[in-house]
Amino acid sequence: MESGEYVPGSVYFYAPNKGAAIFFAIAFAFSGFYHIYQCIHYKSWRLTGLYVFCAVLFAGGFVVRAWGAFGYTNLVKYIVSVCLIYGAPPLLELANYNILDRILYYAPYHSPIHPGQVITTFAFISAVIEALNGNGVSLTANQSLAPWRQDIGRALLKASLLIQVFVITLFILLAAIFHRRCYKSGMRNAKLYNPLYTLYISTALLFARTIFRVVEYWSIAEHDYWKPGFDPKSLSPAIRYESFFYVFEAMLMLINHVLLNVRHPRMWLPKSTKTYLSRADGATEIDGPGYKDGRPFWVTLVDPFDVHGLLGGRKKGGELWDGDGEQRMGKDGC
């Protein structure tokens with residue numbers, strides 16, 4: 001039973017639970033192996049390979065945490081485990097961006113953004129978040145550093161968390177606009193909506209985890225802990241009780257991984273981005289030339305929604321799906 005009391009010498013605040021860390025290391029490893037099988041089975045390494053990498057990070061992080069639980073005064077083990085575990089969720093978000101990218105390609109005429117720009121735009125933002133997050137964690141976790149360097153780490157972590165909240169909100173808004181356009185057009189294809197619903201659930205789990213991290217970290221940042229006279233009991237319960245970490249970090253992310261195992265996007269989405277649903281009936285799959293963006297790469301990063309083109313009256317590229325493509329199958333999946 002957790003007491004919420006500070007354990008002298010512990011870099012975790014408490015004495016970390018050995019069994020829980022071992023369980024999650026094994027669980028993430030199993031999910032990762034199943035993702036490997038699914039990548040091979042569905043030939044979807046490009047689409048879902050990031051889930052494998054995230055599972056490796058989580059499993060490795062919990063292995064180190066379990067190791068550190070047998071010596072909870074070891075700062076190096078703590079830093080390594082925190083960097084691995086906290087570094088994986090932003091990559092899970094990136095994996096979801098890749099899934100939305102493929103969903104938009106399935107009905108590109110309803111996409112508010114060029115489908116190919118989802119991954120490039122959000123990947124760029126995710127790289128910034130990952131850099132801020134990694135540097136922030138390493139600077140903050142190392143209590144041997146000078147106070148001003150720890151302050152920089154706290155500022156980096158705050159920035160990364162706030163940007164994550166903003167980006168997830170923007171991502172959901174983008175998916176919802178696309179979803180609404182498809183529904184208003186009369187499309188009722190389950191092969192289009194099922195991966196969208198999965199994406200909503202996955203993103204909601206990531207959003208809940210990020211909100212917890214914001215609350216958790218702000219409660220730490222407002223204290224000058226480990227200073228003379230500091231009362232450990234003044235810290236938030238989110239810090240003093242390990243159960244909060246396992247519920248809002250480990251369990252939410254494990255559910256996310258298993259969700260994508262059970263509802264793998266390739267169960268519905270085609271392998272190629274050049275396969276899209278007919279605009280006429282919303283059910284017939286057609287192989288076309290693909291949806292290409294002829295603008296320079298730097299322009300697509302600066303203006304992913306092609307606001308300049310919309311103001312100038314440039315066509316969205318409808319000729320790539322309004323022509324005569326090669327029909328692949330009849331109506332189904334409605």
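This is a predicted model: local features need pLDDT of at least 70, side-chain atom pairs count only at pLDDT 80 or more; totals for chains, interfaces and linings use all residues.
## Overview

Residues are numbered from 1 along each chain as its sequence is written, and side-chain values use heavy atoms, with hydrogens and water left out.

## Fold

The protein chain has 11 helices and three strands, which are DSSP runs numbered from the N terminus (helices: H or I, at least four residues; strands: E, at least two). From the N terminus, the order is α-α-α-α-α-α-α-α-β-β-α-α-α-β.

## Inside the protein

Now to the largest nonpolar core, where Phe62, Leu100 and Leu192 touch the most other members out of 66 residues. Such a core is a set of buried Ala, Val, Leu, Ile, Met, Phe, Trp, Tyr and Cys residues joined through side-chain atoms within 4.5 Å. Helix H3 (75-106) is among the elements giving two or more residues to this core, and H3 gives the most, with 16 residues.

Leaving aside residues up to four places away in sequence, Leu100 touches Val118, Phe171, Leu174, Ala175, Leu196 and Leu199 (contact: heavy atoms within 4.5 Å). A second, separate core of five residues includes Leu157, Leu161, Val165 and Tyr217.

## A look at helix H1

Ile26 sits in helix H1 (residues 18-41) and is partly exposed, with a relative accessible area of 44%.

Note on methods. Buried means under 20% relative accessible area, exposed over 50%, partly exposed in between (1.4 Å probe, protein chains only).
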